[in-house]
Amino acid sequence: MLAGLLDLLYPPRCLVCRAAGEAPLCARCRLGFAPVSAPFCLRCACPLAGPDAAGLCRACTARTPPFAAARALALFEGPVRIAVHRLKYEGRRELGPIQGRMLAAFVRAAPVLGHVDLVVPVPLHAARERERGFNPALLLAAPVAEALGLPLLPAGLERTVPTAPQSALGLRQRWANVAGAFSVPARGAGTLRGKAVLLVDDVMTS
């Protein structure tokens, strides 16, 4: 009864477009998540200007990434950009699970990712996580692991260096910023060794 009364006084609103009636993310905004359309790089999923004989972008051709394949739920624009920013920088945690469920459905329909043994979120440095109060990547990864019936390793990786925010840096600076910043904890090395890991993060850049 109290919840119903509060809804009358303060109608639920979408946290992206602020429209009343659907929270935390309305159907219109969910439909506004623009997929990464072909042609895109078969390795990193970066959109390509035109078809490429090898199916790879220039960056992946010049430097093979340390992963088998990457895919993104949507382009980082429009409702996606707003939703991610409100999750990360405004602390709207309720946007994490719903985007995680959307990501889970996307992963299930992306056979290129192949067989996966376990799910690991990209970690924040301990100081940053204490400051923010949560890890956005973990909120996204949990529904993915649940939907796929896979183990979730929240501490499968650790960030050992308090890096600067990537958003303010150029391409080369970003690579240098995160070089050596991550490690596998000794207690988790055996769990990860020889496994196919699905690594989940909120944004993929560079």
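View 1. C17 counts as partly exposed, because its relative accessibility is 38% (buried means under 20% relative accessible area, exposed over 50%, and partly exposed in between, with a 1.4 Å probe and protein chains only). This is a predicted model, in which local features need pLDDT of at least 70 and side-chain atom pairs count only at pLDDT 80 or more, while totals for chains, interfaces and linings use all residues. Residues are numbered from 1 along each chain as its sequence is written, and side-chain values use heavy atoms, with hydrogens and water left out. You can find C17 in the loop between α1 (2-9) and α2 (helices are DSSP runs of H or I with at least four residues, strands are runs of E with at least two, and both are numbered from the N terminus). Leaving aside residues up to four places away in sequence, C17 touches C26 and C29 (contact means heavy atoms within 4.5 Å). C17 and A83 are 66 residues apart in sequence, and their C-alpha atoms are 9.4 Å apart in space.

View 2. What span should the 14 residues of helix α5 (residues 95-108) have at 1.5 Å a residue? The answer is 20 Å, and the end C-alpha atoms are 20 Å apart, which agrees (the expected span is 1.5 Å times one less than the number of residues). Among the buried residues of α5 are L95, I98, M102 and V107. The buried residues of α5 pack against α2 (27-31), α4 (78-89), α7 (136-148) and β4.

**View 3. Where α4 meets α5.** The axes of these two helices, α4 and α5, come within 10 Å and cross at roughly 135° (axes are lines fitted to C-alpha atoms, for helices over the stretch in contact, and angles run from 0 to 180 degrees between N-to-C directions). On the α4 side, the contact is made by A83, V84, R86 and L87, and on the α5 side by L95, G96 and Q99.

**View 4. D202, a buried aspartate.** D202 lies in the segment after β4 (197-200). Is D202 buried or exposed? D202 is buried, because its relative accessible area is 19%. Not counting residues up to four places away in sequence, D202 touches V84, K88, P136 and L140.

**View 5. A54, an exposed alanine.** Look for A54 in the loop between α2 and α3 (58-62). A54 is exposed, with a relative accessible area of 51%. A54 and V161 are 107 residues apart in sequence and 36 Å apart in space, C-alpha to C-alpha.
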